[in-house]
Amino acid sequence: MEYRPLGKTGMKVSKLSFGASSIGSVFRPTDEAESIRTVHAAIAEGINYLDVSPYYGDTKAEAVLGKAISQLSRDQFYLSTKAGRYGMDQFDYSGARIEASLEESLRRLNTDYVDILFLHDIEFVQPDIILEEAIPTLNRLKQQGKIRFTGICGLPLSMFEQLLPQVEVDAIISYCHYSLNDTSLTQLLPLVNDRGVGLVNASPLSMGLLSARGTPDWHPASQELKSKCQQAAQLLADRGEDIAKLAVQFSTSNEQIPTTLVSTANPDNIIRNARWTEEPIDQELLNAVREVLRPIQNKTWVSGVPRYNANVEA
């Protein structure tokens with residue numbers, strides 16, 4: 001496994017990291033024992049960064065991850081969780097709620113600190129509460145030693161472009177913007193590099209867009225985007241190949257992007273994912289798939305308040 005520096009944090013993170021949403025039964029019913037084995041398999045494969053949120057599975061993901069990591073040495077992994085989002089339409093970025101949320105998370109995770117605390121999906125609120133209350137709260141928690149580093153996360157890239165020049169944070173999580181169908185995350189690289197911000201990429205499968213099974217009903221992408229991604233997945237399936245493999249290899253191959261989060265509750269899957277990153281990418285397959293995806297390259301969808309979605313085609 002290759003390890004890359006995460007901004008100015010001093011952390012060297014595995015290029016493939018583990019997102020714990022799946023072990024919260026977010027995508028399908030899951031078995032707790034199997035989920036714990038999945039976390040242990042990830043660590044055994046050299047993955048050293050785990051990310052979770054109380055939002056995933058209504059705190060289930062944190063609780064299960066806490067049981068898994070209680071059986072491991074804390075120096076084997078970096079750990080991040082989030083605060084601010086607690087349900088589909090439940091957001092609270094007040095200082096008191098962030099502090100209480102962290103305490104609850106620490107109990108569920110069986111630890112006395114997290115390496116990074118992210119403000120979760122902040123595009124759904126106006127920036128004032130984030131700038132004037134939420135981020136100062138993160139900084140207090142950092143001074144208290146309950147978190148080592150601070151972060152923000154969300155979907156619209158324009159949100160980061162607007163907020164990062166105004167705040168000091170150590171890391172960001174961006175999702176669905178560095179994958180086979182969307183590489184627009186690269187436009188953020190000059191800004192994050194200039195500010196020394198650690199960049200975490202998430203969802204190399206674009207929340208199921210890049211899947212032979214097709215997208216879940218709730219996926220917010222346009223029908224055009226879904227159809228083209230399905231066409232690309234079928235192209236590989238017809239050749240006896242799995243688009244998930246190509247997607248994971250592609251998203252982890254860019255050395256300017258420190259780490260990419262993947263989520264699964266199956267130990268065989270995380271082992272496969274980790275080992276895929278060590279194999280050379282099939283350039284012919286990559287070219288064929290990206291040609292199919294060319295008409296929808298870098299197309300995204302609306303998320304959050306209008307100020308962050310001015311240039312998004314609804």
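Biologist: Which element gives the most residues to the lining of the second largest pocket?

Modeller: The structure is a predicted model, and its second largest pocket has a volume of about 530 Å³. Two elements, α5 (157–163) and α7 (223–238), each give two or more residues to the lining of this pocket. With four residues, the element that gives the most to the lining is α5.

Biologist: How many nonpolar residues are in the lining of the second largest pocket?

Modeller: The second largest pocket, of about 530 Å³, is lined by 27 residues, and those closest to its centre are Asn 298, Thr 300, Asn 311, Val 312 and Glu 313. Sorted by class, the lining holds five charged residues and 10 polar ones, while the number of nonpolar residues is 12.

Biologist: Is Asn 298 buried, partly exposed or exposed?

Modeller: Asn 298, one of the residues closest to the centre of the second largest pocket, is found in the segment after α10, and although Asn 298 is not a glycine, its phi is positive, at about 70°. The relative accessibility of Asn 298 is 36%, and because a residue between the limits of 20% and 50% is placed in the middle class, Asn 298 counts as partly exposed.

Biologist: Where in the chain is Asn 309 found, and is Asn 309 buried or exposed?

Modeller: Asn 309 is found in the segment after α10 (283–293). Leaving aside neighbours within four places in sequence, Asn 309 is in contact with Pro 156, Ser 158, Trp 301, Val 302, Ser 303 and Gly 304. Its relative accessible area is 9%, and because the limit for the class is under 20%, Asn 309 counts as buried.

Biologist: Which residues does Phe 124 touch, not counting residues up to four places away in sequence?

Modeller: Phe 124 is found in the loop between β8 (114–119) and α4 (127–144), and at 32% relative accessibility Phe 124 counts as partly exposed. Between Phe 124 and Gln 234 there are 110 residues in sequence and 35 Å in space, taken from C-alpha to C-alpha. When residues up to four places away in sequence are not counted, Phe 124 touches Arg 85, Phe 91, Ser 303, Gly 304 and Val 305.

Biologist: What relative accessible area does Asp 115 have?

Modeller: Asp 115 lies in strand β8, and apart from residues up to four places away in sequence, Asp 115 touches Met 11, Arg 74, Phe 77, Tyr 78, Leu 79, Arg 148 and Phe 149. Pro 136 is 21 residues from Asp 115 along the chain, and the C-alpha atoms of the two are separated by 17 Å. Asp 115 is buried, with a relative accessible area of 2%.

Biologist: Which residues does Leu 205 touch, not counting residues up to four places away in sequence?

Modeller: Leu 205 is found in the loop between β11 and α7, and with a relative accessible area of 27% Leu 205 is partly exposed. From C-alpha to C-alpha, Leu 205 and Pro 136 are 34 Å apart in space, and in sequence they are 69 residues apart. Leu 180 has contacts that include Leu 210 and Ala 247, while Leu 205, with residues up to four places away not counted, touches Leu 210, Ala 244 and Ala 247.

Biologist: What is the phi of Ser 203?

Modeller: Ser 203 lies in the loop between β11 (198–202) and α7, and Ser 203 is buried, with a relative accessible area of 17%. Although Ser 203 is not a glycine, its phi is positive, at about 65°.

Biologist: How far apart are the end C-alpha atoms of residues 15–293?

Modeller: UniProt, in an unreviewed entry, lists residues 15–293 as "domain: NADP-dependent oxidoreductase". Over these residues the chain is 42% helix and 16% strand, and the distance between the end C-alpha atoms is 24 Å.

How values were computed:
Residues numbered from 1 in each chain as written. Predicted model: local features only at pLDDT ≥ 70, side-chain atom pairs only at ≥ 80, totals over all residues. Heavy atoms only, no water. Buried < 20%, exposed > 50% of the residue type's maximum accessible area, 1.4 Å probe, protein only. Contact = heavy atoms within 4.5 Å. 1 Å grid on protein atoms, 1.4 Å probe; cavity = no way out; pocket = protein on both sides within 12 Å on 5 of 7 lines; lining within 4 Å. Points joined across faces, edges and corners; volume = space filled by probe spheres on them. Nonpolar A, V, L, I, M, F, W, Y, C, P; charged D, E, K, R; others polar. UniProt positions renumbered as here; feature names shortened; annotations may be inferred.
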